[in-house]
Amino acid sequence: MKNSVVLLFLVCCNIAFSQIGKVYLKDSKFKNGKENTYVYEPPKGATIPSEAKVRVVYNNNFDFTGAGASLIKKGNGYEFALQVPDSIKYFVAAIVDGKKVIENNTNTGYDVFLNSSNPTNMGKCIVERIMLISYVNNLLTSKLNLKLDSSPKNTVSEFNKMYAKYPKMKEDKSYENYLYLKESINKEQTKTEMLAFAKKCQKKNSEDYLLIATRLYGRLKMADEKKKLEEQITAKYPKGNFESSKFFYDFMDHPDKTETYVLESLNHYTSSFDNVSTMYKDLFYMSLLKIYLNNKDLQKLDECESLLSNKNVASGVYNDYAWNLSGQDLVTPAKDIDFAEKLSKKSLDIITNMQKESFFPEDLQGSYNTYADTYALILYKQNKFDEAFQYQDKINQLGGLDTGGKERYAGMMEKVKGLEFTQKYIETELANGVDSRVLLAQLEGIYKKSNLPLAEFNKIKEKAVGDANAKNNAALVEKYGSTQAIDFSLKNLDGKEVKLSDYKGKVVVLDFWATWCGPCKASFPNMQELVTKYKGKDVEFLFVNTWEQGKENSETVKKVGTFINDKKYSFNVVFDFDDSITAKYKVQGIPTKILINKNGTILSDNASEQNLMNLIDEQLSL
């Protein structure tokens with residue numbers, strides 16, 4: 001491999017990336033594929049704790065995990081050693097201490113450019129910087145506390161500055177990304193540039209460029225040109241990326257993935273194509289993992305898990321499966337609780353080991369809290385109350401319990417710590433603004449068991465509900481502009497138009513979901529119980545299918561219909577094909593459940609299934 005010179009701090013200044021401190025390569029030559037030593041010179045007056053580390057973020061084929069290193073004091077500065085993947089041309093760095101960002105070049109980060117020995121490579125380095133900010137500005141904000149403008153307008157402007165300095169970069173593959181961003185600003189003007197670039201790409205003797213041309217033709221709705229070019233790619237590159245991706249997506253769309261089918265498909269994929277993606281191989285293994293889960297075959301689970309490059313994926317699947325079996329709350333009966341316990345413990349062991357091996361174990365704390373919460377619930381269902389409480393108490397001490405977690409914690413607490421201790425905990429949580437009808441119901445039960453005056457409880461309830469409603473309404477107004485539900489008209493599985501406003505006079509629950517969403521599907525047994533419980537009453541459930549990955553609307557309807565029928569769910573599914581309603585309701589992740597009262601007012605957009613039931617009952621009693 002060729003060695004390249006790293007662009008040092010003074011050169012960086014020439015392209016207007018000012019840095020108060022400095023981060024640069026110690027030696028004059030960058031050793032590609034090997035560990036390099038870097039120098040960090042803090043800005044004057046900066047205090048760097050002894051346990052501080054350097055954290056870097058880069059784009060490794062859309063893996064933005066990045067890396068970290070310990071700082072070693074050297075004179076007035078520090079040094080750190082770091083090895084990055086061969087393909088990396090740029091990373092951004094900041095100094096951190098745990099989750100706290102200590103120093104980050106006044107919120108802009110330290111830019112380090114690699115493989116920049118000539119103008120073309122330098123242009124590619126800058127493109128990596130621009131695209132990193134564009135792709136994962138939220139990650140840069142959360143991990144490095146950077147404040148960078150990732151808007152399409154600003155990103156296009158950064159591209160234009162780079163093209164002015166390195167005009168040959170307009171021939172680079174990254175120009176496709178520039179065109180997509182520019183299209184969002186001026187669609188009509190960009191069409192001409194897209195067509196011109198597509199034709200240029202078509203003339204290049206490279207599958208990657210030909211695939212860019214097909215995507216641009218698709219964007220321009222030039223179906224014939226796209227189809228003709230795809231046929232040429234298939235003929236010219238039968239073992240290339242296009243054919244391997246097509247095979248993989250056909251495999252993913254296959255409705256009945258038996259063990260034999262998956263193994264045969266995996267063997268064909270790994271033996272027939274030139275570029276075998278580790279990510280795709282993991283997805284084959286994940287299909288096997290789910291089959292072995294359904295068969296409760298722990299031996300094959302272990303064998304399959306060992307083949308995964310990313311064990312964290314397996315831990316998530318185990319947790320979702322165990323959570324579904326657990327009943328998901330303290331009152332719903334569990335299914336196959338002993339098997340659930342084994343799976344939950346596996347997920348917890350995986351994440352615990354990953355934390356031990358990680359340079360930034362705090363990044364995995366959220367996953368640990370989620371998995372430990374599941375495990376505690378399962379232990380509770382096994383009547384192991386003390387052990388369950390210990391796990392939930394540890395999460396609580398780490399500040400990792402959401403409202404549902406606090407509800408489960410209080411239930412375990414009553415078993416282990418008694419009525420008085422639990423009463424104080426619940427009253428403190430309610431006074432701190434926790435909105436939970438579940439906690440209120442438990443508190444009422446404690447007052448009755450303890451022969452305490454119910455008038456005192458009613459005062460607490462009135463204040464807690466009033467404060468929670470006021471806080472919730474303020475948050476909803478800030479989020480949506482008002483608490484009035486946004487009307488919509490969507491088609492359901494039968495092709496009929498369903499209008500939200502037609503259900504005025506009924507309590508409505510919107511459940512945003514997708515067929516690929518594990519947590520969505522894990523919540524459905526409980527949601528079916530709610531649908532059945534409120535059948536014939538003034539309650540309507542609309543399951544809004546969104547963010548599907550089908551090629552066309554009819555394919556999505558078929559996929560969803562098959563899933564709903566196979567599971568025998570009596571759901572009223574409506575389709576947000578263009579995701580516009582999902583966007584209007586500002587859904588950031590699924591499942592998201594939104595409760596609307598009889599007057600069309602949003603009451604909640606984050607209720608758990610158990611709390612949802614209490615809220616619905618409360619509305620029906622009015």
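Biologist: Which residues are linked with Arg 55 in a network of salt bridges?

Modeller: Arg 55, Lys 143 and Asp 363 are joined in that network, where a salt bridge is a side-chain nitrogen of Lys or Arg within 4 Å of a carboxyl oxygen of Asp or Glu. Please keep in mind that this is a predicted model, in which local features need pLDDT of at least 70 and side-chain atom pairs count only at pLDDT 80 or more, while totals for chains, interfaces and linings use all residues. Residues are numbered from 1 along each chain as its sequence is written, and side-chain values use heavy atoms, with hydrogens and water left out.

Biologist: Where do Arg 55 and Asp 363 sit in the chain?

Modeller: The side chains of Arg 55 and Asp 363 form a salt bridge at 2.2 Å, N to O. This pair links distant parts of the chain, 308 residues apart, with Arg 55 in strand E3 (residues 53–57) and Asp 363 in the loop between helix H13 (337–357) and helix H14 (365–381). Helices (H or I, at least four residues) and strands (E, at least two) are DSSP runs numbered from the N terminus.

Biologist: And Arg 55, buried or exposed?

Modeller: Arg 55 is buried, at 5% relative accessible area, whereas Asp 363 is partly exposed at 32%. Buried means under 20% relative accessible area, exposed over 50%, and partly exposed in between, with a 1.4 Å probe and protein chains only.

Biologist: Which residue does Arg 129 form a salt bridge with?

Modeller: Its partner is Asp 111, with the closest N and O atoms 3.2 Å apart. Arg 129 lies in helix H2 (residues 119–144) and Asp 111 in strand E9 (residues 110–113), so the pair ties together parts that are 18 residues apart in sequence. Both Arg 129 and Asp 111 are buried.

Biologist: Switching to the backbone, which peptide bond is cis?

Modeller: The bond from Ile 590 to Pro 591 is cis, with omega near 5°, and Pro 591 is found in the loop between helix H22 (580–584) and strand E15 (592–596). Lys 586, placed in the loop between H22 and E15, has a positive phi near 55° although it is not a glycine.

Biologist: Last one: where does pLDDT stay under 50?

Modeller: That happens over residues 1–18, pLDDT being the predictor's confidence in each residue, from 0 to 100. Where pLDDT is low, the predicted coordinates should not be read in detail. The protein chain averages a pLDDT of 91, and 96% of the residues score at least 70.

Methods
Contact means heavy atoms within 4.5 Å.
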